[in-house]
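I opened the notebook to look up a sheet, its helices and a few charged pairs. The entries are in the order I checked them.

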Amino acid sequence: MLQYKYDTQLLIEGKDLDDLEISKYFKKNFDGDCLLAVGDDELVKIHFHTNEPWLVLQYCATLGEIYDIVIEDMDRQARGLNG
């Protein structure tokens, strides 16, 4: 069984975004792994494994417009089912 079930990916479009500050917030406030938060001051890509993807979405929505949201159940994928 996986420690973190959901592969959570999305884009944040906004103003004055700071991928390093976003990474710090994730590390301090969310339980998960495989964090990727990269981009510039207008667009940041997020990739994160967690058991609570709704918290990630809730936080990211405070930063700007979120889109291209993908949440996949990696446990189902490992069993050969659709994620």
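These entries cover the sheet, the helices, one tyrosine and the salt bridges.

Entry 1: I am working from a predicted model. I looked up the strand order first. I found 4 strands in an open sheet, ordered β2-β3-β1-β4, with antiparallel pairing. The edges are β2 (32-39) and β4 (65-73), and each of these pairs on one side only. From one strand to the next, the twist averages 10°. I then checked β1 against β4. They pair in the antiparallel sense over 7 bridges. For I12, I noted I66 in β4 as the bridge partner.

**Entry 2: the helices.** I asked which strands each helix lies across. Helix α1 (residues 19-29) lies across β1, β2 and β3 (43-50). Its direction is about 165° to β2. Helix α2 (residues 53-61) lies across β1, β3 and β4. I read about 5° between α2 and β1.

**Entry 3: Y4.** I placed Y4 in the segment before β1 (6-13). Is Y4 buried or exposed? Its relative accessible area is 9%, under the 20% cut-off, so I logged Y4 as buried. Leaving aside neighbours within four places in sequence, Y4 is in contact with D31, G32, D33, H49, T50, N51 and M74. Y4 and D33 are 29 residues apart in sequence, but their C-alpha atoms are 7.5 Å apart in space. I listed two polar contacts for the Y4 side chain: one with the side chain of D31 at 2.7 Å, and one with the side chain of Q3 at 3.2 Å.

**Entry 4: salt bridges.** How many salt bridges does the structure hold? I found 3.

- D73 and K5 meet through their side chains at 3.5 Å, N to O. This pair links distant parts of the chain, with D73 in strand β4 and K5 in the segment before β1, 68 residues apart. D73 is buried at 8% relative accessibility, whereas K5 is partly exposed at 28%.
- K24 and E21 form a salt bridge, with the closest N and O atoms 3.5 Å apart. Both lie in helix α1, 3 residues apart, about one turn of the helix. I logged K24 as exposed, at 53%, and E21 as partly exposed, at 42%.
- D75 and R79 meet through their side chains at 3.4 Å, N to O. D75 counts as buried at 19%, while R79 is exposed at 52%.

Key:
Residues numbered from 1 in each chain as written. Predicted model: local features only at pLDDT ≥ 70, side-chain atom pairs only at ≥ 80, totals over all residues. Heavy atoms only, no water. Helix = DSSP H or I, 4+ residues; strand = E, 2+ residues; numbered from the N terminus. Buried < 20%, exposed > 50% of the residue type's maximum accessible area, 1.4 Å probe, protein only. Contact = heavy atoms within 4.5 Å. Polar contact = N/O pair within 3.5 Å; in protein donor to acceptor, adjacent residues only side chain to side chain. Pairing = 2+ DSSP bridges. Axes fitted to C-alpha atoms, helices over the stretch in contact; angles between N-to-C directions. Salt bridge = Lys/Arg side-chain N within 4 Å of Asp/Glu carboxyl O.
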